[in-house]
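Hi everyone, thanks for coming.

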Amino acid sequence: MSLGIIGGIFIGRYSSTSHLSPEEEKLRAVLGLIQQQYVDEIDVDSLIEKSIPDLLASLDPHSAYIDKAGLSLANDDLEGSFGGIGVSFQVLNDTVDVIEVVAGGPSEQIGLLPGDQILEADGKKLSGAKISTEEVFGTLRGKEGSKVKVTVKRRNARKPLSFDITRGQIPQNSVDATYMMGNDIGYVRVSKFARTTYAEFFTALSNLRREGARKFIVDLRGNSGGFMDQAIYMANEFLPEGRMIVYTKGRTAENEMGATSDGTGQFQDVPVTVLVNEFSASASEIFAGAIQDNDRGLVIGRRSFGKGLVQNQIALPDSSAIRLTVARYYTPSGRCIQKEYKRGKDGHYDLDIADRYSHGEFYSRDSIKLDKSKIFHTVNGREVYGGGGIMPDVFVPEDTTGISSYFIEVSNRGLINSFAQQMADTYRPMLGKQKTLEQVEKTIPRDNALLNAFVNYSAGKGVPARWYYVNQSRALLLNQLKALITRNLIGYEGMIRVLNSRDNAVDAAIKALDNNESPVNITKPTKTKK
């Protein structure tokens, strides 16, 4: 495989020159005048710090400044691991609820349990209306080997419990769910493209094949991207030798590259479908574009985000960084899928997803605004479009079945989440060591009892039981409740499996694979008789 670039986010070094242009000299002179003569004393360094984000925002929507504090968190998320205590949590009703305890991690070793509520960490209160997820992350994460004292509230304990936890290296998985659908379809959900994504992905595919998978669904919905090289390696697994995967064009040769498949992929002959939606971006679109343009498999769902710009992360002397757009990337057919933007702060760009919703694109393929001047062709001659995301081969509208005023109200108030947490706390002791979806389904109440309990709970929280609308949303409510209860009991993958059980895009992918539909035959024009 030919690789001329390290990743979708490049790692660079700050460089400077002693030769300043007249404009740069002017800026230096202005800053000097402010420092020496302005009526109030001004911290010029602070002024510069505030101006950098505005400077980068004047370029394009994706060039950005990351301060020293934010850079560590941003890199941790993509590097694939970080120092922490080893729990997944949610902030619900101003409280930090532990959802999942990482097996073998520091928290499990000292006895923290799912359902515990974290009240304090090192004496800092982690509850109340102003607590944020970012603040909790910043408090619980830290240098590997450092210690943190955590105080928790446990349902069956009279008093708060205290634990001294030594932070350890916690893997940040990017493959969220891997399981068999039926006898021969393997499902893999990838949430981001981090340093470890390809290794996780290949392991998932291999394990599924050993379980009998002969066809695959790769779910990239909601995946906003990350490292480009991981998407390239993933695509290489499905392509025969010599197929273009992606290439980039920039102002300088160092920012230009091309990647072609090397023929070593272990899944070149298996049927594959790729799920995307409006929040699938960047590296997700590289993978989907490579599969689509090479007529290798079907892309199913809704039009992707449309990010075709490549950023280079460049470290600055004070340990902050900028992510500077240095190139555009192109899919194998030659299309750049970057959606339109104007230089500077482009309010329209930020509202693009809302605009798609308002003009009906989420519900009708015919409402999608395609640029007919940017037509390209796949290896088998199919028409595809540039200039605005990856258009799926099989369009699946957003599912609004079951949406009612009652569902909207209980959702907005967070009652589905809080009830699910309460139910999980109730039934966790009954689950024992059987941490399987099948055991959860046997343990929690049947549908009528579960729904009645939720409606009564919501009524107690101020949302009256309007049974006409409750019944209208019955299937949706039950699916959401079961998914969140499952997440709280056995983790995120269990939740995904429950949600997928009534997911139209997943159903479309299964149907396509069962019927052996290919990119060519599913998009072949229908001939009419005269």
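Let's begin with Asp116 and Arg154, whose side chains meet in a salt bridge at 2.8 Å, N to O. By salt bridge I mean a side-chain nitrogen of Lys or Arg within 4 Å of a carboxyl oxygen of Asp or Glu. Asp116 lies in the loop between helix H4 (106-110) and strand S6 (117-121), and Arg154 in the loop between strand S8 (147-153) and strand S9 (161-166), so the pair ties together parts that are 38 residues apart in sequence. Helices (H or I, at least four residues) and strands (E, at least two) are DSSP runs, numbered from the N terminus. Asp116 and Arg154 are both buried; buried means under 20% relative accessible area, exposed means over 50%, and partly exposed is in between, with a 1.4 Å probe and protein chains only.

A word on the ground rules: this is a predicted model, where local features need pLDDT of at least 70, side-chain atom pairs count only at pLDDT 80 or more, and totals for chains, interfaces and linings use all residues. Residues are numbered from 1 along each chain as its sequence is written, and side-chain values use heavy atoms, with hydrogens and water left out.

Back to the charges. How many salt bridges does a search of the whole structure find? The count is 19. One of them joins Arg335 and Asp293 at 2.6 Å, N to O. This pair links distant parts of the chain, with Arg335 in the loop between strand S19 (321-330) and helix H9 (347-350) and Asp293 in helix H8, 42 residues apart. Arg335 and Asp293 are both buried.

Then there is Asp393 with Arg382, where the closest N and O atoms of the salt bridge are 2.9 Å apart. Asp393 sits in the loop between strand S21 (383-385) and strand S22 (394-395), while Arg382 sits in the loop between strand S20 (375-377) and S21, eleven residues away. Asp393 is buried, at a relative accessible area of 10%, and Arg382 is buried with a value of 10%.

Now the rings. The whole-structure search turns up 16 aromatic pairs. Rings of Phe, Tyr and Trp (its six-membered ring) pair if their centres lie within 6.5 Å; planes under 30 degrees apart are stacked, over 60 edge-to-face, and the rest tilted. Tyr179 and Tyr187 make a tilted pair, 5.1 Å centre to centre with 45° between the planes, and both tyrosines are buried. Why is the pair of Phe419 and Phe454 called edge-to-face? Their ring centres are 5.4 Å apart and their planes are at 70°, so the pair falls in that class. Phe419 is in helix H12 (residues 415-431) and Phe454 in helix H14 (residues 447-460), so this contact ties together parts 35 residues apart in sequence. Both Phe419 and Phe454 are buried. Do look at the cluster as well: ring pairs link Tyr198, Phe201, Phe202, Phe216, Tyr233, Phe238, Phe267 and Phe287.

Next, two backbone details. Asp295 has a positive phi of about 50° although it is not a glycine. Asp295 is in the loop between helix H8 (283-293) and strand S17 (298-301). Asn516, also not a glycine, has a positive phi of about 55°, and its place is the loop between helix H18 (504-514) and helix H19 (519-522). Buried or exposed? Asp295 is buried, with a relative accessible area of 11%, whereas Asn516 counts as exposed at 55%.

Finally, the surface. Tyr38, Val39, Ile42 and Leu47 make a nonpolar patch of about 370 Å². Patches are made of residues with over 30% relative accessible area and no salt bridge, joining like charges within 9 Å and nonpolar side chains (Val, Leu, Ile, Met, Phe, Trp, Tyr) within 5 Å. Ile42 lies in the loop between helix H1 (22-37) and helix H2 (44-57), and is partly exposed at 31% relative accessible area. Glu41, Asp43, Asp45, Glu49, Asp67 and Asp318 gather in a surface patch of negative charge. Among them, Glu49 is in helix H2 and is partly exposed, with 31% relative accessibility.

That's my tour; I'm happy to go back to any of these.

Methods: Areas by Shrake-Rupley, 256 points an atom, 1.4 Å probe, with all protein chains shown as cover. Lys, Arg positive; Asp, Glu negative; His and termini not counted. Charge placed at Lys NZ, Arg CZ, Asp CG, Glu CD.
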